[in-house]
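Please look over the sequence and the structure shown here before reading the report on charged side-chain pairs.

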Amino acid sequence: MRRYGKHTDEDDIRARPNRKGNRPRTNIRPKHEDAAEGMVLTVDRGRLTCLVEDRTILAMKARELGRKAAVVGDRVALVGDLSGKKDTLARIVRIGERASVLRRTADDDDPFERVVVANADQLAIVTALADPEPRPRLIDRCLVAAYDGGLTPLLVMTKSDLAPPDKLLELYGDLDIPYVVTSRDELAAGEAARRVQDHLDGKITAFVGHSGVGKTTLVNALVPEDRRRSTGHVNAVTGRGRHTTTSALALPLADDEGWVIDTPGVRSFGLAHIDPSRVIHAFPELEPGTVNCPRACSHDEPDCALDEWVAEGHADPARLYSLRRLLATRERKEGD
């Protein structure tokens, strides 16, 4: 074997022949300065549907992006065939910086974080007042994820003809969360969609809720020209609905007044990606009471200052119970 010294001549170095006759491979990647800007509308088995100007384009992620994945709501740069014609495929070469991120894990001991939606302005948490029964702990978890990800929450209560909203409104009244109460008759007449849309104009809103609460039915009423599959029934034994939305999808409101993003129905909302010390941010009426807490307080111990804060009437005891139940759920790895 020939050994080269410190001062080798380039002519002495043997070059590997290029059998294909094309340019040699390089690690220098093109800058794609002429790439078009677009928005991801939905993702299906590695293929991403994007909106570029007024065209819907099918694209795939470039290999140089590595394991970084684009999600619904992402602003991306695309190259390739941008005509949007059938059987054409563009390539996503850049993913823009995200202004907000809604993420969750499958459960509280799952280390794999799932980004659900990017760049949404608000999170509409849809819950039925009956059939199925409301699940305050799931609502609390969605609130935690919204505050942590930079989204403003909106509470949408459906099926008020089956049960009054008073109990939920009392539970979340101190949070100053905007809310809309709708009935099935109002939904059928289109009145529910009109009142909900007053909170959506000019914003990107992600809709989340467990199955059977009427989330996709409401989205269908908001964007009737882009109806999704009809919703499934609620199981009479378990009180849970059947998943009818299997992937997130961004849909434009009329007259370009905003976007709605329908997400798959959830039965659990894991928060393994969120530091427990940040959970208190979802309870702003309790947060001032932590000033006198001992260092590294878990907010569920005998010396916690929140007990005195609530006893003095600054917050509803039910909210402190909800906070502690949420923190305990993470520690016990208990499902919703």
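The sections below describe salt bridges in this model.

## Overview

The model is a predicted one, and the structure holds 14 salt bridges. Side chains of opposite charge can pair when their charged atoms come close.

## A buried pair

Aspartate 262 and lysine 215 form a salt bridge in which the closest N and O atoms are 2.8 Å apart. Because aspartate 262 belongs to strand 13 (residues 258-262) and lysine 215 to helix 5 (residues 215-222), this pair ties together parts that are 47 residues apart in sequence. Aspartate 262 is buried, with a relative accessible area of 0%, and lysine 215, at 5% relative accessibility, also counts as buried.

Arginine 103 forms a salt bridge with aspartate 148, and here the closest N and O atoms are 4.0 Å apart. Arginine 103 lies in strand 6 (residues 101-104) and aspartate 148 in helix 1 (residues 136-149), so the pair ties together parts that are 45 residues apart in sequence. Arginine 103 has a relative accessible area of 23% and is partly exposed, while aspartate 148 counts as partly exposed at 24%.

Another salt bridge joins the side chains of aspartate 161 and arginine 184, at 2.8 Å from N to O. Aspartate 161 sits in the loop between strand 9 (152-158) and helix 2 (166-172), whereas arginine 184 is in helix 3 (residues 184-189), and the pair links distant parts of the chain, 23 residues apart. Aspartate 161 is partly exposed at 37% relative accessibility, and arginine 184 is partly exposed with a relative accessible area of 44%.

## A network

Salt bridges also link Glu186, Glu191, Arg194 and Arg195 in a network.

Conventions
Residues numbered from 1 in each chain as written. Predicted model: local features only at pLDDT ≥ 70, side-chain atom pairs only at ≥ 80, totals over all residues. Heavy atoms only, no water. Helix = DSSP H or I, 4+ residues; strand = E, 2+ residues; numbered from the N terminus. Buried < 20%, exposed > 50% of the residue type's maximum accessible area, 1.4 Å probe, protein only.
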